[in-house]
Amino acid sequence: MIPGPDARVDVPRIVGRDAELTRIRRFLAAAGDRETPVALLVTGDAGSGKSTLLDVAAGEAAARGRRVLRCAGHEGERDLVFAGLHQLLRPLLPEVRALPGPQRDALLGAFGLTGAEPSRPDRIRVDRAVLTLLSGAARRQPVLVVVDDLQWLDACSLDAVSFLARRIADEPVTVLAGNRGGLAGEPLGPECVRLDLRPLGDADAEQLLDAQPRPPRGRLRTQILRQSAGNPLALVELTRATTGSLPPVLAGAPDTLPLTARLEAVFAERMAGLPPSTRRALLFAAAADAPGVPAALLAALAGPGCPGPAGPGACPDAPAAAGAPLTARTAPPDTWAAAEEAGLVRVTDGQVAFRHPLVRSAVYRAATFAARREVHLALAEALADDPDRRAWHTASATLVPDETVARALADTADRARGRGGYRAAATALERAAELSPDARRKARRLLDASELAVRAGDPCWVKRLTAGAVAATDDPALLTEAALRTGWALAATSGQKAALSHLLPLAHSLVGTDPAAAVDALGDAAAVIHETGDETYRREVLDLLERLPADVGDDSSRVWARACCDPFGDRRDEAELLEHAAGAPDGGPSRLTALGAAAWILDRTTTAVRLLSTARDRPHPVTATGSHAVLGHVLALAQFDSGAWDAAAMSAEETRRMAGEQGLDVAGRTAACLSAALLVLRGDAGRARDLIDQVVAGVDPAVSRALDVRVRRVRAAVAAVEGNHPLEYELLRGLFTSGPDPRPTHYHASFYGVGDLAAAAVRVGKADEAAPVVEAVERRLAGRLTPRLALLVGRARALLAPGQEAEEHFRAATADPAGEQWPFERALALLDFGEWLRRRRRTGEARTELSRALAAFERLGARPRAARATAELRACGVPVGGERPAGRDPGQLTAQQLQIARLAATGLTNRQIGERLLLSARTVGFHLYQVFPKLGITTRAQLRDALSRMESP
């Protein structure tokens, strides 16, 4: 019998965490409520009580009838692909066979359980398999997923858990996780609720000390309170370690010393009183530092007469592989008793776990290298059936170069790479390089690792790896490869000057010897030049491109370089390539990203969204998060321009998180600027201002002109919302230089603010000052206006033109159907036109234009502009306000509901829609259940007509 949700469960009280535990209980009690987030992340410093809270919550949930699935990150398994996910799903492995074939094969392949050579599972199938598996389990019994120590979870597993947290909104599945505080980013995404564990207050800290078996008093108590700084683990452990006296480690110690160092020292000192067999077993556990290695095996390996895998007195009873059965004779039952009594470990279900990561660190560091080497060799022998762990243990026991060990690590890297673990593979190759006796082979492995680090999007790591390769070789080909990778790393960060100083001379040197590499160098340089807006460097890149043969190098790099440096030039060749790629995308995500970004710059916005979305959704290694940050910020920009604001907000937020983790400064600032733009355009000027202040911190606008233009436009929008129109005009006028021939401060980005500049000028009575700017724009872009710029320039000319001439410009700007690709900018022109018509008392015509503008603003959620359009319609005698009739208001549907409804209207089933949108069929059905009454229909057959009525002006 499963207890009901109101069943009483007795749990130990956690001193000082009553409020946090209450919040977790409320979160779990509200599971299933559509308005309640499905994931809660408990964050705090080491020892703040995260694991204890998770343990209590898991116990209560299990007692109340939930199925609890658990895993925890382990420092020693961060580079083992899917280790955490395997631990989490182990109870459900018998059900994996029932999954759809591709999902089953992907998941089993990710775990290395297929019996065949591991294939590279892609993120889509692995994540979808996890979603399907847990969705099925939840139909039988509500599921609580508990993940502790996210900061040590391997990247592949973290991606899968993050995907699950984003996609289970309508499933009886809840995620409760713990993560080390103070780390950058949001590991489970912005939709996850955070519960930050703060240090205990003075009263709670005193209460926790009094709850100890022998509470400290006097000066010792004062020092413990001061040194613990409210950390519960430190309070307990320092009290336990200092009972009866003030130990040397604390006496006279300054308060500024790191707390973790103190705790490690305390733990190491406490080990001195343990029996030798226990200390040795602890060292084996610290060196293994992974679940799945039985406590009995560790104890047996550490037993008397077992100094190593093949040394004198080797233990004949020690098993040859992890998991082999052990008898009581080889694994004395009291081996771990002293360690458990000392509070260092806990043994549960035959496995040993340290009570805190600092314990493991203290145990490991307290041992000599000779002792650690002996232990690692013993573990390598015991784990003979696990080549990856065996290789790492052997490497940990090796100080001098050894090609055999290095080759084993390289093989580990190959397996990790084949299964999609770029970061794990790069780590193994870096260590293999350190152990490589041959200098050229060392350089080659470092460069291979740097390539994987590029795919993982970690520029700082790339720089370190390439620097090592340069120091190890004088081979010209390897040095060129290292130089290109270093250039990428510099371009991905905020060091624009350093990047250009590196990449442009490199491109010059390669023009005659390696033109294909020169194209790659120019592609990286072009991205920096577009950000800086530097005219001299821009012309230099274009000159170099002309000198290179047209048929060498990566064509996507060439198109990208040209688009960045000459966005309004002759685009016939590039247009053909983009259309071909859009119709039949070929190549990997990197190629599609370059072409999609070029399409965005060239105002082929629909093509850009299509290519970039394909690159994002194309099967790819699940750990290339940094690469996704590079892709994600351009995708967010294209989605914003195309009117997919909800999707743009999600892309920007995810990009900000990933860029912050990887140090991708340009992508992170651009994404944050876009987030601020969305905030202000939707009416939240205060948050937009705060965010934009963070964006510009430490940035020199003279060397980041593209960012400066974006920031100016956001600040101008904030000023407009707040009614400060003089400031709005001043900011927008700064997009162009002063003087008789105004020039753009950025050769590309400035032009897109010309419409807003004209509108602001009219509001403050400075149309005469803005007119020369608009005329200069037309002169500079004569014959090269894209449809988007024609819309913007047409709006600007209409706002500044007198009488009938204004109407001609308004109609020309709004009549081109191509303008529908940029719904917000088109709606602004419609709004201005409607206002112009109303002021001339042509209310019938004004209603049409204003209604079209209002529909677009409501669809986008642009509340300030929608309010303005509503006021204009009321002035035209149109009653606007309250709920609009069902089936006529697109604002009634969320962006996701509208997307699902459109797909359902084409005849796709719920399962087919779910596969496209990475949702479960049940979630799709739930959304359609909400859509039907909003549209005033009852069947799927009515969807097409209802959507047509809803979206018609």
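Student: What makes Arg687 and Gln694, on the other side of helix 32, count as exposed?

Tutor: A residue is exposed when its relative accessible area is over 50%, buried when it is under 20%, and partly exposed in between, with a 1.4 Å probe and protein chains only; Arg687 and Gln694 fall in the exposed class. This is a predicted model, in which local features need pLDDT of at least 70 and side-chain atom pairs count only at pLDDT 80 or more, while totals for chains, interfaces and linings use all residues. Residues are numbered from 1 along each chain as its sequence is written, and side-chain values use heavy atoms, with hydrogens and water left out.

Student: Which residues of helix 32 are buried, and why are they said to line one face of the helix?

Tutor: The buried ones are Ala685, Ala688, Leu691, Ile692 and Val695. Seen down the axis of helix 32, they fall within an arc of 125°, so they line one face; the arc is that of the directions from the helix axis to the C-beta atoms.

Student: Why is helix 22 called roughly antiparallel to helix 23?

Tutor: The axes of helix 22 (residues 496-510) and helix 23 (residues 515-532) come within 9 Å and cross at roughly 150°. Angles under 35 degrees count as roughly parallel, over 145 as roughly antiparallel, 65 to 115 as roughly perpendicular and the rest as oblique, and the crossing angle therefore makes helix 22 roughly antiparallel to helix 23.

Student: Is Asp149 buried or exposed, and where is it found?

Tutor: Asp149 has a relative accessible area of 14%, and therefore counts as buried. It is found in the loop between strand 3 (143-148) and helix 6 (155-167), and its phi is near 55°, a positive value in a residue other than glycine.

Student: How do you know whether Arg841 is buried or exposed?

Tutor: Its relative accessibility is 76%, so Arg841 counts as exposed. Arg841 lies in the loop between helix 39 (823-839) and helix 40 (843-860), and has a positive phi of about 60° although it is not a glycine.

How values were computed:
Helix = DSSP H or I, 4+ residues; strand = E, 2+ residues; numbered from the N terminus. Axes fitted to C-alpha atoms, helices over the stretch in contact; angles between N-to-C directions.
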